[in-house]
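User: I'd like to learn how to read helices and their packing in a model. Could you walk me through it?

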Amino acid sequence: MSESPMAPRRPGGRGSDVGRPRDPGTDRSILRATIELLAEVGYARLTVAEVARRAGVSKPAIYRRWSQKSQLVVEAMVTQMRPARSSATGSAAGDLLFLTERLIDILTRTPLGRVLPGLVAEMAADPVLATSYRELIIEPNQLDWRSAVERGIASGELAADTDTDFVLNSLAGPLYFSLLITGAPIEPGYARAAVDLVLARFGTGPGE
């Protein structure tokens with residue numbers, strides 16, 4: 001994988017490095033080591049000491065940037081969520097198809113998908129981890145989906161009364177259900193079929 005971009009920091013999430021210039025190279029090394037270890041040992045067995053050893057930095061260097069393991073882990077996950085390009089394709093169908101395919105790619109081809117089942121289990125016992133995951137991963141990505149639906153409504157491709165939450169749940173929900181509950185593989189044509197169902201309900205084009 002190419003070098004990971006630095007993750008955005010949640011307000012209050014950084015350690016004690018306020019006022020110190022950040023070294024982007026060190027940040028990337030730490031985040032990359034975190035992702036590698038998550039894929040190998042999972043969240044519960046990951047330690048800051050091992051991240052530091054693999055990244056070639058000291059533990060204090062990590063804690064100056066991230067005050068808690070949970071914050072480090074989620075911000076490392078954010079680097080796996082960056083889109084390769086804008087989701088604005090010029091049509092509501094294209095936007096929703098792009099976002100659905102991007103989520104499938106993330107869940108099936110990145111460390112996030114491999115460790116998410118264990119991470120979700122840990123969230124039940126770690127409210128800081130759960131809050132960080134929602135704020136840094138779920139909410140920003142939901143904005144992309146909501147923006148796509150809003151563009152579709154504005155262009156007239158989607159009905160004015162389109163239920164945005166229903167659209168999001170219809171497209172993304174079955175993917176998480178497969179990953180976290182059934183373990184069933186995602187069928188190759190899932191994205192197109194799911195978008196077609198949404199358009200059949202809320203689309204305004206001919207035959208929709």
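Analyst: Happy to! Keep in mind that this is a predicted model.

User: Which residues of helix 9 are buried?

Analyst: Here we look at relative accessible area, where under 20% counts as buried. In helix 9 that applies to Tyr190, Ala191, Ala194, Val195, Val198, Leu199 and Phe202. Looking down the axis of helix 9, these buried residues fall within an arc of 165°, so they line one face of the helix.

User: Then which exposed residues does the face turned away from the buried side carry?

Analyst: On that face of helix 9 you'll find Leu197 and Ala200, both exposed.

User: What covers the buried residues of helix 9?

Analyst: To find a cover, we look for contacts, meaning heavy atoms within 4.5 Å. For helix 9, the cover includes helix 5 (92-109) and helix 8 (164-182).

User: Let's take helix 5. How do I read its crossing with helix 9?

Analyst: Start with the axes, then turn to the residues. The axes of helix 5 and helix 9 come within 9 Å and cross at roughly 140°. Since angles over 145 degrees are needed for roughly antiparallel, helix 5 counts as oblique to helix 9. The crossing is right-handed. On the helix 5 side, the contact is made by Ala93, Leu96, Leu97, Thr100, Glu101 and Ile104. Helix 9 contributes Tyr190, Ala191, Arg192, Val195, Val198 and Leu199.

User: And how many residues of helix 5 are buried?

Analyst: Helix 5 is mostly covered, with 14 of its 18 residues buried. Its reach from first C-alpha to last is 25 Å, close to the expected 26 Å.

User: At what angle do helix 6 and helix 8 pack?

Analyst: Helix 6 (residues 111-123) packs against helix 8 at about 70°, with the axes 10 Å apart. The two helices are therefore roughly perpendicular to each other. Gly113, Leu116, Pro117 and Val120 of helix 6 meet Tyr176, Leu179 and Leu180 of helix 8.

Conventions. Residues numbered from 1 in each chain as written. Predicted model: local features only at pLDDT ≥ 70, side-chain atom pairs only at ≥ 80, totals over all residues. Heavy atoms only, no water. Buried < 20%, exposed > 50% of the residue type's maximum accessible area, 1.4 Å probe, protein only. Helix = DSSP H or I, 4+ residues; strand = E, 2+ residues; numbered from the N terminus. Arc of directions from axis to C-beta. Axes fitted to C-alpha atoms, helices over the stretch in contact; angles between N-to-C directions. Parallel < 35°, antiparallel > 145°, perpendicular 65-115°, else oblique. Left-handed = near helix turned anticlockwise from the far one by under 90°. Expected span 1.5 Å × (residues − 1).
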